Amino acid sequence: MLSHRSFRMTAPFRQSLLAVTGAGVVATCAGIVLSPDRTWPNLLLANTYLMSLALGGVLFVALQYVSHAGWATVIRRVPEAMTLALPVSGVVMILILFGIPSLYEWSHPSAVEHSHVLQAKAGWLNAPFFVIRTVAYIGLWIALSSLILRYSRAQDLDGSIDHTLRNRRVSASFIVVFAFTFTLASMDWIMSLQPHWYSTIFGVYNFSGLFLNALATITVVVILLRRRGYFGTAVTEAHLHDLGKLIFAFSTFWMYIWFSQYILIWYANIPEEVRFYTMRSGGGWLTLTIVNVLFNWLIPFVVLMPAWAKRSEGLLLRVCMIVMLGHWIDLFWMILPPFMKDGPTVSLWELAPMTAGICGFFLLTFTSLGKHKIFPVKDPYLGESLAQDH
Amino acid sequence: MSRRILVNVFGSEEDIVGAAARAREGGYTILDAYTPFAVHGLDVAMGIRPTRLAYVCLAFGLTGAIAKLGFQIWTSAWDWPVNVGGKPLVSIPAFVPVTFEVMVLFAGVGTVLAFLLRSRLFPGAAPKATYFRATDDQFVLVLEERDASFDVRNVEALFRPFKLLHLEEQIVRE
């Protein structure tokens, strides 16, 4: 059953990924010089996307540990590999701190001077504290996720059950720490782009998009590896079915949270709150609002409803790619309106950071996959996971 | 009318899944299986066609959603128009939460009731207990003895790889 071969990227594939990532990085650097007001928000977007994939990977692994779930053990190396993007995106996030003046209105003394709201928020929204918080979030995430990965990989060598037991505790801590820090991080990095606006559900909304996109990406990588035979016969349609169910559920969860945020603001109709939606309900932004809901919810919801669709490799792959595109649109929709008042436009400055982010993500994930066994070969739950054939 | 059945008792879920597949290959008619918990793969092994409960669920859900949406439009815009904060009388976003909840309620309750009805599990239904430990720790597969050529010894031979704990013939009235 475990007649697997370890993963290897072919040299041309690796080099082309490297070349495209490099080109994206160069173009982004050029953009920071030539068009900083457009490039900084897009760099923030691309890095948030990259980081959300890495965090979603850790979260997926942590959830398997705390829920004592066995079904996903055969595919666990995929979300584990995704977390290599976490230190990279952490470093980029710290570089993005140099863009604070271009990104955040609250960092301009002249803006604060004329706004009572910004004066009241200055205790939280000020550059030094913002930098400290950013470093703290990233440090905590990297520390906890590297512990989880270390125990999981150490188990490949000695097969000790202690690694599983330790990882249960570390995973539980990660989930609690992540819930608080990610809520604050999404408020700091994204919500404070429009510092007069606030939404208490914003953290949950970002989490729902993060996890939906991470599930879709895990599924894409699993399907690509499966098609090339790296999993042998170990990953069956039953595993795809389970991933499909999670995507279906979290897509609906995303819509539920999206609407929960919208309806409270729409109903109360308070000027400083509705501004977020009025900016996004005219012209091209309205189109993007509709496409956002379509890609993140309606298409996955309708297509993945029947059981056979979740078990169909080709269909699941296509839906996951739509969701991956949808998460870019979702972040675009959250981050860019204050910088593009005339409607969404896509040029080199939008595409370059995102291209570097996506290609860099696959480069890192595939590199990490090649370094370790493609199955957690001595995990006590591996047998249960292999027996998933219903 | 009555019919003869053969009750086969197994000790593990792997055994009953294997035995069910074997019995079907051997051309026997599986009447039903009784297990202490849901056994993955047993439906496939028994050759049961996919459930149609999903369509019942969809129908109930749509009924609930349409009925509740219609009701809200009728009460707040038609029968007694209420102006809430200057919003249009038919403000769909305001109706969505209640419509959603009623849809879920109809779909959930309706599906459970349809399942109970279809499985003949309602007050006054004739009990179908064939072997009591199926509700405790053992797994029961029931075969129909269709004609005189049915031989219990053949079944025993067929199930030899699966650790048959117990086997008894029963006559049930319908």
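Of the 174 residues in chain B, 30% are buried (buried is under 20% relative accessible area, exposed over 50%, partly exposed in between, with a 1.4 Å probe and protein chains only). This is a predicted model, where local features need pLDDT of at least 70, side-chain atom pairs count only at pLDDT 80 or more, and totals for chains, interfaces and linings use all residues. Residues are numbered from 1 along each chain as its sequence is written, chains are lettered from A and ligands numbered from 1 in the order in which they are written, and side-chain values use heavy atoms, leaving out hydrogens and water.

**View 1. Chain B, with five helices and four strands.** Helices (H or I, at least four residues) and strands (E, at least two) are DSSP runs, numbered from the N terminus. Along the sequence, the order is β-α-β-α-α-α-β-α-β. Chain B has a radius of gyration of 25 Å, well over the 16 Å from the globule rule for 174 residues, so it is more spread out than a compact globule. That radius is taken over C-alpha atoms, and the rule is 2.2 Å times the number of residues to the power 0.38. Along the principal axes, the C-alpha atoms of chain B fill a box of roughly 80 × 35 × 30 Å.

**View 2. Helix H1 (residues 11–34) of chain A against helix H2 (residues 36–66) of chain A.** Their axes come within 6 Å and cross at roughly 135°, which makes H1(A) oblique to H2(A). Axes are lines fitted to C-alpha atoms, for helices over the stretch in contact, and angles run from 0 to 180 degrees between N-to-C directions. Angles under 35 degrees count as roughly parallel, over 145 as roughly antiparallel, 65 to 115 as roughly perpendicular and the rest as oblique. On the H1(A) side you'll find A:Thr28, A:Gly31, A:Ile32, A:Val33 and A:Leu34, meeting A:Pro36, A:Thr39, A:Trp40 and A:Leu43 in H2(A). Contact here means heavy atoms within 4.5 Å.

**View 3. Helix H11 (residues 237–268) of chain A packed on helix H13 (residues 283–303) of chain A.** The angle is about 145°, and the axes are 8 Å apart. Residues of H11(A) in the contact include A:Trp254 and A:Trp258, while those of H13(A) include A:Asn292 and A:Trp297.

**View 4. A:Leu286, in helix H13 of chain A.** A:Leu286 is partly exposed, at 37% relative accessible area. Leaving aside residues up to four places away in sequence, A:Leu286 touches A:Arg280 and A:Ser281.
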